[in-house]
Amino acid sequence: MQAAIAYIATLIAFVAIDLVWLGVVAKDFYRSELGALMADPINWPPGVAFYLVFAVGVVIFAVQPALTSGGVMRAAWLGLMFGFFAYATYDLTNLAVMKGFPWRMALVDIAWGSVLTAMAAAIGTAVAQRF
């Protein structure tokens with residue numbers, strides 16, 4: 001039961017925070033950096049699949065270990081590292097294989113993915129600890 005609560009809390013936190021970032025805070029930045037590479041309209045099915053799958057990874061590699069020992073700060077640290085490696089894999093691969101993928105975009109996205117994953121892992125852990 002605790003794992004399901006951790007997953008749902010992590011997923012909700014990750015999606016909510018990311019949608020504020022993508023839809024409000026950095027909306028113009030992504031549009032200006034990606035230009036013609038950006039899908040318009042957004043292709044939602046792969047996006048939803050990413051959120052569902054990524055939240056499983058956050059729970060496995062950050063939340064569950066933190067629930068076992070270490071608590072919220074450990075979850076944040078493990079989430080930061082998991083987010084860094086996942087987002088770096090994505091963005092560095094894009095830089096390697098896509099013509100015109102911007103460096104500035106990659107660096108901001110890696111930093112954001114790291115921080116976002118840390119926040120979601122910490123929130124997921126905090127909620128799961130209460131149950």
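Start by selecting Tyr30, which lies in helix H2 (residues 27-34). Helices here are DSSP runs of H or I with at least four residues, numbered from the N terminus. This is a predicted model, in which local features need pLDDT of at least 70 and side-chain atom pairs count only at pLDDT 80 or more, while totals for chains, interfaces and linings use all residues. Residues are numbered from 1 along each chain as its sequence is written, and side-chain values use heavy atoms, with hydrogens and water left out.

**Stop 1: Tyr30**

Tyr30 is buried, at 7% relative accessible area. Buried means under 20%, exposed over 50%, and partly exposed in between, with a 1.4 Å probe and protein chains only. Show its surroundings next. Beyond four places in sequence, Tyr30 is in contact with Trp21, Leu22, Gly35, Met38, Met105, Asp109 and Trp112; contact means heavy atoms within 4.5 Å. Zoom in on Trp21: its side chain makes a polar contact with the side chain of Tyr30, at 3.1 Å. Such a contact is a pair of N or O atoms within 3.5 Å; within protein, one must be able to donate a hydrogen and the other to accept it, and residues adjacent in sequence count only if both atoms are side-chain atoms.

**Stop 2: the core**

The largest nonpolar core has 29 residues, and Phe14, Tyr30 and Val63 have the most contacts inside it. H1, H2, H3, H4 (71-97) and H5 (103-129) each supply at least two of its residues. H3 gives the largest share, nine residues. A nonpolar core is a set of buried Ala, Val, Leu, Ile, Met, Phe, Trp, Tyr and Cys residues joined through side-chain atoms within 4.5 Å.

**Stop 3: Phe14 and Phe54**

Select Phe14, buried at 2%. Setting aside residues up to four places away, Phe14 touches Phe50, Tyr51, Phe54, Tyr87, Leu116, Thr117 and Ala120.

In one of them, Phe14 and Phe54 are tilted, 5.1 Å centre to centre with 45 degrees between the planes. This pair links distant parts of the chain, 40 residues apart: Phe14 in H1 (residues 2-25) and Phe54 in H3 (residues 44-68). Rings of Phe, Tyr and Trp (its six-membered ring) pair if their centres lie within 6.5 Å; planes under 30 degrees apart are stacked, over 60 edge-to-face, the rest tilted.

**Stop 4: Phe61**

Finish on Phe61, in helix H3. Phe61 is partly exposed, at 49%. Outside four places in sequence, Phe61 is in contact with Leu78 and Phe82.
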